[in-house]
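Let's take a friendly walk through a fold together. Have the sequence and the 3D view open side by side.

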Amino acid sequence: MKISIGMLAWNEESKIAQAIGSLFRQSVFSSRWNEIPVSHWELIIVPNGCTDSTAKVASDALRQCLVSMEEKNVSATIVEVGEPGKSNAWNRYIHDFSRQDSDLVIMVDSDIEFDHPDTIFNSVKLLVDFPAYIVAVDKPLKDFVKKKKRSLIEELSLHFSNERFERDPAIAGSFYCARGAAIRNIWMPKGLPGEDGFLKSMLVTDCFRSEVDLSRIARAENASHFYEGLSRPKAIFNHELRMVIGTALNCYFTWDFLKFATDPKGPGAGYLIRNWLESDPNWYGEFIANEIRNRGWWVLPKGLVFRRLTRLRGMSLYNKLKRMPLALFAFLFDCAVCFAANRRLKKGMAIGYW
């Protein structure tokens with residue numbers, strides 16, 4: 001079995017060394033090295049559009065980490081891409097830089113720190129043991145969960161983020177492990193916001209050649225990583241703004257368009273996107289602009305505004321009453337976010353906002 005690890009980076013000179021060190025402290029590279037039959041590991045770091053020293057810092061960190069890997073089948077490469085943008089860097093890594101015979105592909109953000117030492121081991125083992133799963137995910141944890149004393153905003157933030165773990169697993173772009181054959185069927189449009197939501201839609205539908213099957217994604221046990229949590233109100237608002245914009249654009253593109261444009265007996269939606277990219281790299285921006293023009297004053301999917309309240313459905317009366325105050329608070333917050341997102345979309349501030 002061959003495994004490729006991709007780390008996409010944009011101006012992360014202050015954090016990428018920590019991310020690389022955390023990666024190589026995972027048990028698959030030390031104590032549990034022989035427990036998974038991997039003939040070759042590759043790590044490819046893709047700094048894209050960086051204006052700082054991300055590539056140099058990454059090179060120095062790799063030089064130190066690979067000293068302990070000399071007797072193991074581990075290779076590491078840094079490939080710089082001049083054009084910024086996560087979707088473009090993702091396409092280049094998946095289809096141009098990584099091994100095309102890799103059985104599994106692991107994506108790791110360049111600013112995370114692994115929590116559980118067996119995160120990668122348990123994610124890989126899950127896909128090895130259960131062939132029906134296409135993607136293994138972990139628990140993404142906000143870094144201030146480690147603090148003994150947290151502010152009220154941090155406590156509220158943790159409360160709402162923990163609710164995600166009660167629902168079906170989602171793909172967090174900061175870490176996931178996927179089957180290479182499935183991931184190589186996907187191309188991302190240039191300028192795509194919210195690539196993790198797009199990926200989930202593509203993978204649970206086999207690139208829109210089948211009905212939705214959420215059981216293709218599984219959360220590995222004893223697997224988690226830390227990412228930077230936001231505690232300033234303005235930063236939280238802007239983050240939610242980006243999330244809402246990304247979700248809306250994914251709805252336009254995937255469920256309102258790709259679902260109906262894809263031939264179930266054909267090669268899949270990924271190849272449609274590849275062909276469109278080859279004919280016109282900017283077609284996605286034009287598609288989104290046209291969608292927004294044709295949707296009238298309110299362009300957001302209506303479910304986004306009421307998402308916190310709809311999650312109360314199916315709960316017992318006790319749980320509804322218990323969660324109602326925070327749900328109402330979150331609903332009012334979402335109203336402000338959605339109105340701001342709708343205004344930005346109508347002003348043409350969608351592509352590149354991510």
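Predicted model: local features only at pLDDT ≥ 70, side-chain atom pairs only at ≥ 80, totals over all residues.

Residues are numbered from 1 along each chain as its sequence is written, and side-chain values use heavy atoms, with hydrogens and water left out.

**Overall form**

Of the 354 residues, 49% are buried, where buried means under 20% relative accessible area, exposed means over 50%, and partly exposed lies in between (1.4 Å probe, protein chains only).

**The sheet**

The strands form an open sheet of eight with mixed pairing, in the order E3-E2-E1-E4-E7-E6-E8-E5. E3 and E5 (113–114) are its edge strands, each pairing on one side only. Two strands count as paired if DSSP finds at least two bridges between them.

| Strand | Partner | Bridges | Facing residues |
|---|---|---|---|
| E2 (residues 40–47) | E3 (residues 74–78) | five | Ile45 and Ile78 |
| E6 (residues 135–142) | E8 (residues 217–227) | seven | Lys139 and Ser224 |

Between E2 and E3, the chain passes through helix H2 (residues 54–65) in a right-handed β-α-β crossover: with the strands pointing away from the viewer, the path from the first strand over the helix to the second runs clockwise.

**The cores**

Which residues touch the most other members of the largest nonpolar core? They are Trp90 and Tyr176, in a core of 57 residues. Such a core is a set of buried Ala, Val, Leu, Ile, Met, Phe, Trp, Tyr and Cys residues joined through side-chain atoms within 4.5 Å. Helix H8 (residues 233–261) gives this core its largest share, eight residues. A second, separate core has 39 residues, among them Trp33 and Cys177.

Leaving aside neighbours within four places in sequence, Tyr176 is in contact (heavy atoms within 4.5 Å) with residues including Trp90, Val105 and Leu199.

**A residue in H5**

Ile153 sits in helix H5 (residues 152–162). Ile153 counts as partly exposed because its relative accessibility is 31%. Beyond neighbours within four places in sequence, Ile153 is in contact with Ser231, Pro233 and Ile236. Arg232 is 79 residues from Ile153 in sequence, while their C-alpha atoms are 7.9 Å apart.

Key. Helix = DSSP H or I, 4+ residues; strand = E, 2+ residues; numbered from the N terminus.
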